[in-house]
Amino acid sequence: MAKKQKRFSFTFTVFAAIVSLLLGVVVGAISAAFLDASTFQSDEGPRTLVEGELQIHFLELGNKYTGDCTYIKAGDVDILIDAGSRPSSVPVIQSYIDEYVTDGKLEYVIVTHAHQDHYAGFSITEGSIFDLYECEVIIDFALTNQTDKDTSNMYGRYLNELEAEVAAGATHYTAAECRQEDNYLFELGNGITMEILDSYYYYNEAESENDYSVCTLFTYGDDSYLFTGDLEERGEMYLVEMNRLPEVTLYKAGHHGSKTSSSALLMETVKPEIVCVCCCCGSAEYTDTDANQFPTQRFVDNVAPYTDKIYVTTLCVDYDAGTFTSMNGNITVVTDRNGTRVVCGSGDDRVLKEWEWFREHRTMPDAWK
Ligand SMILES: [Ca+2]
Ligand SMILES: [Ca+2]
Ligand SMILES: [Zn+2]
């Protein structure tokens with residue numbers, strides 16, 4: 001009897017071992033399938049969003065004008081920084097972000113400064129971004145040189161739209177209030193944080209509206225991502241002085257790659273790995289001087305010692321005729337467990353120095369030779 005029991009026990013042990021082995025294989029297969037499903041399958045069409053991933057999208061704005069709109073998906077949290085370049089950009093922005101915003105709610109909206117190429121989409125009487133989405137937290141510039149509050153003026157319309165969204169339940173802070181009330185670090189979930197950086201021109205009058213720009217730093221694990229709006233060289237100097245800026249994975253080229261921003265001091269401090277420029281490349285919108293058209297020679301020279309990974313949304317074909325085409329198109333910088341990669345909506349992922357436009361209009365910096 002005892003012998004028989006022992007034999008049974010042995011058989012059971014073998015059986016149990018086989019079952020757990022099989023179970024292990026099944027569980028392994030399931031986790032492999034899960035891992036597989038949680039990475040992008042394709043660059044084409046709307047991409048499925050994945051828990052834990054940080055996506056930063058630099059949008060094309062549907063016209064010949066330079067302007068900014070950055071959409072960030074941090075887990076389930078939707079963030080919009082600016083909505084340029086013109087009121088006509090709103091449907092372009094809407095159709096793009098609606099692939100990602102599943103609940104009609106933008107948890108955070110940041111309006112960097114009161115220039116139309118950044119806030120036109122917030123400043124429309126009917127159908128502004130504030131009208132189209134439930135905006136939970138709105139953080140905007142503390143100061144501006146705009147004085148005309150009449151609704152015939154873009155600033156007046158902005159104030160009206162902002163007031164209406166606050167009446168509808170939005171929470172509004174200026175960047176200065178965030179800093180002064182010690183409410184500048186926002187946990188977005190999945191270990192992603194958004195910091196409203198401190199800046200001298202939140203509190204002090206500036207000659208240039210650009211210097212009032214709200215500046216933000218996102219952090220995800222060891223990676224950091226810097227957004228400075230149109231902040232200019234003096235503003236950047238204070239930014240470096242007033243914050244502990246890390247070396248960054250991504251830097252959104254300040255002021256569309258203008259000669260007035262991305263100073264040697266800021267670049268030396270943050271040593272960017274990837275730089276994205278939101279502009280209509282080579283456009284005569286602001287100047288006829290070739291070297292100073294976005295992205296400028298000075299910007300290229302200042303970034304060059306740290307990286308050649310510069311991506312640009314749009315190329316101007318003929319400013320007077322109003323024609324333009326995608327360069328990298330809508331650019332998405334994605335960070336997940338596999339690291340950070342750049343997805344170019346145009347399907348062309350060449351970096352700036354590889355474009356014919358660059359060879360014809362810019363001098364190759366020594367660092368890139
Ligand atoms: Ca949302
Ligand atoms: Ca709304
Ligand atoms: Zn701008």
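You're looking at a predicted model: local features need pLDDT of at least 70, side-chain atom pairs count only at pLDDT 80 or more, and totals for chains, interfaces and linings use all residues. Residues are numbered from 1 along each chain as its sequence is written, while chains are lettered from A and ligands numbered from 1 in the order in which they are written.

**The loop residue F141**
- Look for F141 in the loop between β5 (134-140) and α5 (154-167); helices (H or I, at least four residues) and strands (E, at least two) are DSSP runs, numbered from the N terminus.
- F141 counts as buried because it has 25 C-beta neighbours inside 10 Å (buried takes 20 or more other C-beta atoms within 10 Å of a residue's own, with C-beta atoms placed from the backbone).
- Skipping residues up to four places away in sequence, F141 touches V111, T112, H113, A114, T174, A175, Y212 and V214 (contact puts the two C-beta atoms, placed from the backbone, within 7 Å).

**The nonpolar core**
- The largest nonpolar core has 95 residues, and A83, C276 and V277 have the most contacts inside it (a core is a set of buried Ala, Val, Leu, Ile, Met, Phe, Trp, Tyr and Cys residues joined through C-beta atoms within 7 Å).
- Strand β12 (residues 274-281) gives this core its largest share, eight residues.
- Beyond four places in sequence, A83's contacts include C69, Y119 and I129.

**Helix α2**
- In helix α2 (residues 90-97), the buried residues are V90, I93, Y96 and I97.
- They sit on the same side of α2, because they cover an arc of only 135° around the axis.
- Among the elements covering them are β2 (70-74) and α4 (129-132).

Definitions and conventions. A residue is buried if 20 or more other C-beta atoms lie within 10 Å of its own, exposed if 12 or fewer, and partly exposed in between; C-beta atoms are placed from the backbone. The arc is that of the directions from the helix axis to the C-beta atoms.
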